[in-house]
Amino acid sequence: MKTQKYNHITRVLVAVGLFSMVIPALGAQVPPGTALAEKQELVRNNGSEPSSLDPHKVESDVENNIISDLFEGLVSVSPTGEIEPRLAEKWENKDNTVWTFHLRPGVTWSDGTAITAQDIVWSWQRLVSPLTASPYASYPGNMHIVNGAEIAQGQKAPETLGVKAIDDATLEVTLTQPNAAFLAMLAHPSLVPLDKVLISRYGDKWTKPEHIVTSGPYKLSQWVVNERIVAERNPRYWDNAHTVINKVTYLPISSETADVNRYKAGEIDIVYTVPINQFAQLKKTMGDQLDV
């Protein structure tokens, strides 16, 4: 994933005052005694219009900021570098080359249908297939998953990828060699499961709000091209109890000046970038609202 470091101005939805930390949309451990605002809705500038919301077809932060709120993978990496279980509740390995993951009991898509190990197998096969033309087709090979590199190069069939469903809730991944970074690499947004039935039925239109199903804390409710994307809380998300924000609106504002001005006017809660020539003044006037 192409990542960039930005300076952000952030307004957090607490009852009183402003806060300096960017709050992930997916959830939070709210400290006891914290008074939250009655209306938990976040408006953030996302920089530009996303080219797609298909995790296999994108590679920039513009898309992945939204995808990370809609979809979830087996694990995540905390800000301190710890591996955290997400769709996978636990895992074990043999000789650091054969990894077995156990999905959380009852984990579902946003429409209530079960997320299975077969969904993950199919999704990863789709990722590496040359027919998908994913910018991250080589990623499973870089992880040393069996046949990942050969499939991406068109030398073997996607079905030969070293991943299989032992049963609906158990996934086995086989590597060609031990990889110390394997678990951390699993957190990449291209490795989230996708719904085979949905994609087979709707093709490239599967990401439209009326079709898409998601596995993360939010579900897509509206997409007005070049105007806004709206995601609403997914009540079927396995960790919904820790979701704080009920609705997130993403705006495609490309002008840094307009971005900051709309923040000052109270129209957005998080800006995408801060103009370099305004940084010193904004730091002076905004204080802890500016997060570097």
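**Exercise 1.** State how many salt bridges the structure holds.

*Solution.* The model is predicted. It contains eight salt bridges. The cut-off is a side-chain nitrogen of Lys or Arg within 4 Å of a carboxyl oxygen of Asp or Glu.

**Exercise 2.** Work out which parts of the chain the pair lysine 247 and glutamate 41 links.

*Solution.* Start with the contact. The closest N and O atoms of lysine 247 and glutamate 41 are 3.8 Å apart. That is a salt bridge. Lysine 247 sits in strand β11 (residues 247-251). Glutamate 41 sits in strand β2 (residues 41-45). Now check accessibility. Lysine 247 has a relative accessible area of 25% and is partly exposed. Glutamate 41, at 30%, is partly exposed. Finally, look for further partners. Lys39, Glu41 and Lys247 are linked in a network of salt bridges.

**Exercise 3.** Decide whether aspartate 54 and arginine 126 are buried or exposed, and locate both.

*Solution.* Their closest N and O atoms lie 2.7 Å apart, in a salt bridge. Aspartate 54 is in the loop between β2 and α1 (61-70). Arginine 126 is in helix α2 (residues 117-128). The pair therefore ties together parts that are 72 residues apart in sequence. Both residues are buried.

**Exercise 4.** Classify lysine 164 and glutamate 172 by relative accessibility.

*Solution.* The two side chains meet in a salt bridge, 3.6 Å from N to O. Buried means under 20%, and exposed means over 50%. Lysine 164 has 45%, so it counts as partly exposed. Glutamate 172 has 19%, so it counts as buried.

Terms used
Residues numbered from 1 in each chain as written. Predicted model: local features only at pLDDT ≥ 70, side-chain atom pairs only at ≥ 80, totals over all residues. Heavy atoms only, no water. Helix = DSSP H or I, 4+ residues; strand = E, 2+ residues; numbered from the N terminus. Buried < 20%, exposed > 50% of the residue type's maximum accessible area, 1.4 Å probe, protein only.
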